[in-house]
Structure formats: C-alpha cells, structure tokens
Amino acid sequence: MELTIHLVPDIRLRREYFGGLVYDTRNGNILEVDKSTFELLNLIKNTTLKIHDAITFLVQNNTIGKHDKSINRTLQTLFALKIIEESNESSQVPTFMTGNLNKINHRPWLSAPETVHWAVTYSCDKNCPDCYTGRFSYSKKELETGEAMRLIDKIADWGVFQLAIGGGEPTLRKDLPELLSHAVTRGLSVHITTGNLHIDPHLLESVCPLLNSLQLGIRPDDITGQHSKKSIQQIQDIFTAIQRFGITPGANLFLTKSAIEQLENLIKIFVDIGFNRIILLRYKPPESIERWKRENPDFGQLKGLYQKINNIIKEYPQLYIRIDCALSFVQRNLTKELASQSGLKGCVSADRILAVAPDGSVYPCSQLVHPACYVGNLLESEPELLWGQSQVLRKYRSFRTKKVFKHSWCGVCLAKCHCGGCRVFTSDGLGGDLGCPEPLLPPTTQLGKIGRQLELVKYLKDHRTISVGEYMNRYGVSQRKAIKELNTSPCLVSTTGKSTRKKRDIYQYVENDIILDIQESIGSTSGGVPFVSYEQISEWIKDTSYTNNYPVWIKQEKGKNGGMDENIKHT
C-alpha cells in the first residue's frame, strides 16, 4: 500500500532564491533545499498526500522532471531527518499552499537572516576583563518594554527563525520574561546567554519553559584560580537549579591564552558538573589593550586547537562541542564537499545572522558594533529595506569578492568558502584575518598571481633578493611572466638597471612603508584627508599591541573617542 505523508508540525519553511530553508524547531538545524524539494514540502505543509499524487502534481506543474530519479533519494533523506513522516489520515487533493511564505526573493542573498542576535542591554554588574562590549560605548540607550515588543514583532514578521538574546547581562532587564514570552508567542525560537550565576529562582521558573537553549558564560579564571572550589560550586548550583525547570544549560568558553593552556582541565570540570553542550568562542578584543596583550593566544596555540579539540571529543564522545564562526579555521582541512554537507559557511555576518543593539540599532554581527558598520534602526525602518538596500550589509555579505580580501592570505586560502576568517581580526574590518595561524594554501606552483605576490614578500624577508630564474622555478611560471611580475612588484627593484630580460637578472627587496599601508587600509575622507594621521599610526606601531594583532580599525575608533587611559582600564 502506498505511503501517505505530511510535513512534521515542528518544521518551518521559508522560500528563497535557490529554493528554500527548512528549519527544525526541535534542534535548531537549518537545511537548504532546491526548488523542487521546497515545493514538495510546501505541498504537504498543511495537508496529507500520497507520495505518488504529490510527485504527479509536481511533474504536471513542471516543478520536477518526469524522469527525475533523485526524488526517491530526497524522500529518503527527508524521512531520515524526520522532516516528513507517514500519516494515517486520508490523502487530500494536492494544491500549492503559499500561506505565510515569503514572495520569491530573486536577489542572490537570503530574504532575511536565520538568526538575529539581540543584546537587550549592555549593562552588567560583573566588570569581566575579557568582555568585548566595553568597546561599545557609543550605544547606551535601551528600548522601553513597548518598543522592545514592537522590535520582536518586526523580527517575527520578517520570517526570522531564531532570536539569540544576550548583553551585557540580559537577566538585569526586569521585563525579560515578558519579552521572551512575546517572542515565543510570535513563533521565534529563543536562546539566551548569561553570565549570571545567581539567577533568582522565580526568574528561572518564568523564563526556562520559554527557551530552546540557555548558555552560561564561564570565566576560566574563576574555575582554575584561587577561589575555584567556591566558583565551581556556584556553577553546579545554578546548573542544577536550571535543570529543575526542564532545560539543561550549556557552557560558553572564551579561548583566552590561559584557557587554551588549561583546556583539557576546563572541559573535565564542565563534564563533572554535568554539561553536555559546550561552545568554544574565539577570544575577541576586549576594551583593554593591555589585557589583550596578556590573553591573546599565540599562533602556536591556535594552530594546535584542532588536535586539542579532537582529543577532547575522543575522550568525551557524549559531548556536543561547537565552535563559533570566528574559529572556522579549525576546520579548514575539510574538503569543500564535506564542509558543504556539514553546513559550514564560515563568516556569515549580514547573511545568516544580524545583530541588534539595545537601542534597536542594526549591525552586520555582534562583533561589528562600530560607527562604520551602522546600518540603521529596526524601529525606524522596515527590516526588508535595511536588509536589501544597506550598502554596509551588502559589503559584508559579499566580503569574499572585495579586493582587500582577495589580496590577503584568506583570499588565497583553499578554505575561503567555508571559513574566510573573521572580519574583527582584520586591519580594516573587512579584509583578511590577521590572526589565522596557518592558511590552507595550494602548492607554490599553483598559487596564482595574487598568491605569488603574497608569498614573494615572505620569501624576500628571508632571502632579500630573487633572480628571474629562481622566480620561474619557485612559482612554475614562464620567463616572460616572471619578468613582468617582478618588474611590476612594488617591493622589488632591479639591481641590473634596465632589465636585460635574462634568467640571471637579480631583483632586490625594498621594504614598504607599513604606516602608509595601514593609513590606506583605514581610508580617507571624500576630500582625500586620511582618517588617521601618519604620526598617530607611528605611535600605534611603537606600542607592541600592534604586533599582538589588536585590530587597527578598532584601535582607531578608541583613539577617536578619547576615553580613559588604556593602562588603567581592566588591568
């Protein structure tokens, strides 16, 4: 007897230019499907159909080909993922159901983000030295309850699947239960991250039933330092209290230098407490540059992260360990095919995610809260217009196509499609990630012109000179191409004067003015005046924080805003 099927009620659909997104509210998984699969799911969204009737209807409407053999594999996958299931109800007459699905978006980007990260407040009573929100001093205002409700309505009406709430410390908002309840009522899956280890039981009782997940931000210093026993007991107490209300919390861990050094011990402590979901977060620039110098992991530590995490997974197979997109380089060795199957996309700012500040201001991601990245305000503008027309969002959405990215190691790296680095760690907020420990590069003879330019600089820093013949052998190019690229390189000068166009011609390395390079990457006013003076950048470079990769574009804003002495704050 032929199977009758329907869409599982926990599944949400959203039409997109490539087909659509399938969101599983039970686990947060999001699946991209092509147009024919999407129409099949849409067809059985609010009705029950025999498989044969559904396929026949789609063939008649030219949605799938008459002899398309892939539909059977598709059905098997959808059954395995529990997106569709067998039904005992009678089969209905097939008809296309549009319901609340969006109109087809023909632009080559999503019609809305999958997740909105909303910092409901930047207020916090902890003063943690590694917190990055201290940099966001230009965003102080918070929405009133009524305004916050309207913001939630806009996000829900837009078709967003998930609302990730953080701060600051979100539990400081008195209206938090009211906001969460409204978000859930509007169909959003709600997640919350908190660093509060003393949440009032009454607050837990009101918010826990509304949440899809709750993550506790744990400071490594607290559980390995002098008062570690007390801190571990506090974490155990809040963990147990949250579990009583039907939710098992997860742990967030920023990978500072000291955290990576003690990672195995930290994970053991988490496991002993009872955590089975841990999110590892790349250490982001805090407000204090002095703190950054001490805790920013070195390249050796970042390089060894893959093996460390792999060993931990082997030791604790029951653990669900996730890394944030800023750590995508940890998975750089995956093939394109496997990365695609696993849904890895690397940096997804202004694409899969969007950030909203406490006052409703919109930014590409929660790390790019910066005047140069301001998009608009969600209460003052329609989200669809901001999403589709903002030049800032378009720029970040397509960062891989920008010259500043292409002419970096990230742009040459074989993992650029499923990694691409993190924009926070670039010199200008857009280009290549200066903190990546080891880009995955093709063989030297397959680097391409941009890759050869980058690799040549590395080579010359050690060897100072290169001949035409050496260039040909090293990069596998013809004599004509070698001479052309050597003559046009800004960091080389011929030692033989006018080139004799022979293999033995020698070219000598000339150091670039790094200050001018930085000045150019930061940019100038429309009148051509640099945003930052030559002298100011000189002072930055004298400070060893520059060599510790504290992002120049963030430091520029700190210098512009004034603020208290860097050696005083959080040191």
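Arg480 lies in helix α21 and, at 70% relative accessibility, counts as exposed. Helices here are DSSP runs of H or I with at least four residues, strands are runs of E with at least two, and both are numbered from the N terminus. Buried denotes under 20% relative accessible area, exposed over 50%, and partly exposed the range in between (1.4 Å probe, protein chains only). This is a predicted model in which local features need pLDDT of at least 70 and side-chain atom pairs count only at pLDDT 80 or more, while totals for chains, interfaces and linings use all residues. Residues are numbered from 1 along each chain as its sequence is written, and side-chain values use heavy atoms, with hydrogens and water left out.

**Positive surface patch**

- Lys449, Arg480, Lys481 and Lys484 gather in a patch of positive charge on the surface.
- Helix α21 (residues 479-488) gives the most to this patch, with three residues.
- Patches consist of residues with over 30% relative accessible area and no salt bridge, like charges being joined within 9 Å and nonpolar side chains (Val, Leu, Ile, Met, Phe, Trp, Tyr) within 5 Å.
- Accessible areas come from the Shrake-Rupley method with a 1.4 Å probe, and for residues only the protein chains shown count as cover.
- A salt bridge requires a side-chain nitrogen of Lys or Arg within 4 Å of a carboxyl oxygen of Asp or Glu.
- Lys and Arg count as positive and Asp and Glu as negative, whereas His and the chain ends are not counted; each charge is placed at NZ of Lys, CZ of Arg, CG of Asp or CD of Glu.

**The sheet β5-β1-β6**

- Three strands form an open antiparallel sheet in the order β5-β1-β6, where strands pair if DSSP finds at least two bridges between them.
- Its edge strands, β5 (49-50) and β6 (84-86), each pair on one side only.
- Strand β1 (residues 4-7) pairs with β6 over three bridges in the antiparallel sense, and with β5 over two bridges, also antiparallel.
- Ile5 stands opposite Glu86 in β6 and opposite Leu49 in β5, while the bridge partner of His6 in β6 is Glu85.
- Thr4 and His6 point one way from β1, Ile5 and Leu7 point the other way, and all are buried.

- Strand β2 (residues 11-16) runs antiparallel to β3, joined by six bridges, and a hairpin connects the two through two residues.
- Arg12 has Tyr23 in β3 as its bridge partner.
- Strand β3 (residues 19-24) is mostly covered, with six of its six residues buried.
- Five bridges join β3 to the antiparallel strand β4 (residues 30-34), with Gly20 opposite Val33 in β4.
- The hairpin of β3 and β4 has five residues between the strands, and Gly28 in this hairpin takes a positive phi near 80 degrees.

**Backbone features in loops**

- Lys82, although not a glycine, has a positive phi of about 60 degrees; this residue sits in the loop between α3 (70-80) and β6 and is exposed at 55% relative accessible area.
- Asn127 is likewise not a glycine and has a positive phi of about 60 degrees; Asn127 is found in the loop between β7 (115-119) and α4 (145-158) and is exposed, with a relative accessible area of 55%.
- A cis peptide bond with omega of about 15 degrees joins Gly167 and Gly168, and Gly168 lies in the loop between β8 (162-166) and α5 (176-185).
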